[in-house]
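Subject: Structure handover

Hello,

Please find the structure below. My notes on what was found in it follow.

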There are 2 protein chains.
Amino acid sequence: MNILEKITQNKAAFSKSEKKVAEIILANPQTAIHSSIATLAKMSDVSEPTVNRFCRRLDTKGFPDFKLHLAQSLANGTPYVNRHVDENDSPDEYTNKIFESTMASLEVARQSIDVNVVNRVVDLLTQAQKISFFGLGASASVAHDALNKFFRFNVPVVYFEDILMQRMSCMNCSAGDVVVLISHTGRTKSLVEIAQISRMNDATVVGITSADSPLAQECSYVLSLEVPEDTDMYMPMASRIAQLTLIDVLATGFTLRRGNKFRENLKRVKDTLRGSRYDKRDG
Amino acid sequence: MNILEKITQNKAAFSKSEKKVAEIILANPQTAIHSSIATLAKMSDVSEPTVNRFCRRLDTKGFPDFKLHLAQSLANGTPYVNRHVDENDSPDEYTNKIFESTMASLEVARQSIDVNVVNRVVDLLTQAQKISFFGLGASASVAHDALNKFFRFNVPVVYFEDILMQRMSCMNCSAGDVVVLISHTGRTKSLVEIAQISRMNDATVVGITSADSPLAQECSYVLSLEVPEDTDMYMPMASRIAQLTLIDVLATGFTLRRGNKFRENLKRVKDTLRGSRYDKRDG
DNA sequence: CAAAAAATGTTAAAAAATTACATTTTTCTT
DNA sequence: AAGAAAAATGTAATTTTTTAACATTTTTTG
């Protein structure tokens, strides 16, 4: 895909002159996209058609097309070496890598989402008598965040971090209640039990978890998020961000479904916070 | 930055013919980058120089340069119509918009980060006697998440959601303690007070907040995150994700600084969780 | 070592973009 | 509302850039 990687890979297959062109482009791709074929040929010390042939060898239509591809490879976020964090990375390097891989994960997650389920779940949430958000470990903070969001909607919403509290809360569920369970792996025993308890009490259980996991099998609806395996850091990173973004999607769907009047109400909630804040002109 | 956004923004300033060109490009940017100026002129039903003038109005050197910019805007996941969620959006539309704008915000945030400060803060954290994470509202869940991460590192780490608990905790601070305060606006009164109290007790205060805010002024170090203003949904969305990613960066820096032996320890922590999970083969 | 094949360069033609200028449309003034 | 000024748009010509066709050189192979 990425043409810069492609150049590096195919380097062996290039002819002598083509290699010269490749060198120059790899050395300074930013200059390359702003040069004409004549300039680039002179820099590489080859003829213009050679540059052109070089472009075609990389499956582009010609030099202008090649520049387009190159520009895309160079575009802002495109991590051209989106590799894992390395032992010896400088702060600059690991910062960029983490941001880049987070963005990449979001892209993957986005594509894995089943919009129909999103729609169905939004439906459920808008009609719910009570909404509960539960997660453990890293997913606890996601549930916590969901509480924050839905709390503003003025709907009965519940969140507990404690396993026992979660259990007790679920035992009191009834039809019309929605329980949202968040877990990256979907293998946390106590959460699976929560799902079972909730369903026994006629609640609808929505899982934000990976497909085909034990938890997923106990849910009424599963919002599965395909997130590339978290790095070797032994900490959930990207998965959590994807879950949060999905919560954002649900919250947004919720407000859209509720309509305009509802959003005015939301604005009022926000205005209420004003008293606890320093005015903007103070800053 | 993004030329597609620029087109949308400047739309009002365009002349009649230029608007025609803008329409065509926005409608199908992918086609535009593969068209010649003649083709595009014909599609827009204007003359070629008009297209050229259109390009120059957007601060590009000319048509080819414009195409380069356009190609970059279209590259990777870059949300090309990073528009706000609209009243009548379908689930598919708002889902994509939210993911795209989240990714875009991360990109902006990434570029706004001062790596030197990151490095300095990682330094501080690795040497801290005790680390506290505090936030309120939406930022509370970010602090919660930070707790989760740093807890695994086996360092004394503290997190409270309650304002009074936060205050009390800070009063017991001493030199060598690091207090990390998280707030998007940096205008929450009680958090600013926490910063003051902490500093009076010789703790080092790190703010994850917007630059030049009241909170920022009370901090020893400020990790400022430039995040495009959150949408009209009256909920913090993108800012929170950026904060979380920054926490990931800090946590990663932390483990890198601590070295290899330390990461083995981390693996052990992870393995401990195994007992509470269903085995993979069960799935 | 010679013949074939591949690679590279030279020159010329084609395509594309840009400039200069003419014409039309719009805006403002009286 | 008429006419002048300014802005916008288009036409035609020029320049730049890219590509094609062919010639030459280099490399490979029997």
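How many helices and strands does chain A have? Chain A has 14 helices and five strands. Please keep in mind throughout that this is a predicted model.

Some overall values for chain A come next. The chain has 283 residues, and 54% of them are buried. Its accessible surface comes to about 12700 Å², with 50% of that belonging to carbon and sulfur atoms. Among the contacts in chain A with a separation of 6 or more, 65% are between residues 24 or more positions apart.

Of the atoms of DNA strand D that come within 4 Å of the protein, 72% are accounted for by sugar and phosphate.

- Asn52(A) has a polar side-chain atom 2.2 Å from a phosphate oxygen of DNA strand D.
- Ile37(A) places a polar backbone atom 2.5 Å from a phosphate oxygen of DNA strand D.
- Thr50(B) has a polar side-chain atom 3.0 Å from a phosphate oxygen of DNA strand D.

The largest share, four residues, comes from α5(A). By type, the residues of the surface near DNA strand D are six nonpolar, seven polar and five charged.

DNA strand C has 17 residues around it, of which Ser15(A), Ser17(A), Ile37(B), Asn52(B) and Arg56(B) come nearest. Sugar or phosphate supplies 78% of the atoms of DNA strand C within 4 Å of the protein, and bases supply the rest. Here too there are pairs at the phosphates:

- A polar backbone atom of Ile37(B) is 2.4 Å from a phosphate oxygen of DNA strand C.
- Ser17(A) has a polar side-chain atom 2.7 Å from a phosphate oxygen of DNA strand C.
- For Ser47(A), a backbone N or O atom lies 2.9 Å from a phosphate oxygen of DNA strand C.

The elements with two or more residues in the surface near DNA strand C are α2 (16-27) and α5 of chain A, joined by α5 and α6 (63-74) of chain B. That surface divides into six nonpolar, seven polar and four charged residues.

Now the interior. Nonpolar side chains tend to be buried together in soluble globular proteins. Which residues touch the most other members of the largest nonpolar core? They are Phe150(A) and Phe150(B), in a core of 93 residues. Neighbours within four places in sequence aside, Phe150(A) is in contact with Leu125(A), Ile131(A), Phe133(A), Val155(A), Val157(A), Leu250(A), Ala251(A) and Phe254(A). Another core, of 46 residues, lies apart from the largest one and includes Ile3(B), Val51(B), Cys55(B) and Phe63(B).

Is Glu18(B) buried or exposed? Its relative accessibility is 5%, so Glu18(B) counts as buried, the limit being under 20%. Its side chain makes a polar contact of 2.9 Å with the side chain of Arg57(B). Beyond four places in sequence, Glu18(B) is in contact with Arg53(B), Phe54(B) and Arg57(B).

Regards

Key
Residues numbered from 1 in each chain as written. Chains lettered and ligands numbered in written order. Predicted model: local features only at pLDDT ≥ 70, side-chain atom pairs only at ≥ 80, totals over all residues. Heavy atoms only, no water. Near = heavy atom within 4 Å. Polar contact = N/O pair within 3.5 Å; in protein donor to acceptor, adjacent residues only side chain to side chain. Nonpolar A, V, L, I, M, F, W, Y, C, P; charged D, E, K, R; others polar. Core = buried A, V, L, I, M, F, W, Y, C linked by side-chain atoms within 4.5 Å. Buried < 20%, exposed > 50% of the residue type's maximum accessible area, 1.4 Å probe, protein only. Contact = heavy atoms within 4.5 Å. Areas by Shrake-Rupley, 256 points an atom, 1.4 Å probe, with all protein chains shown as cover.
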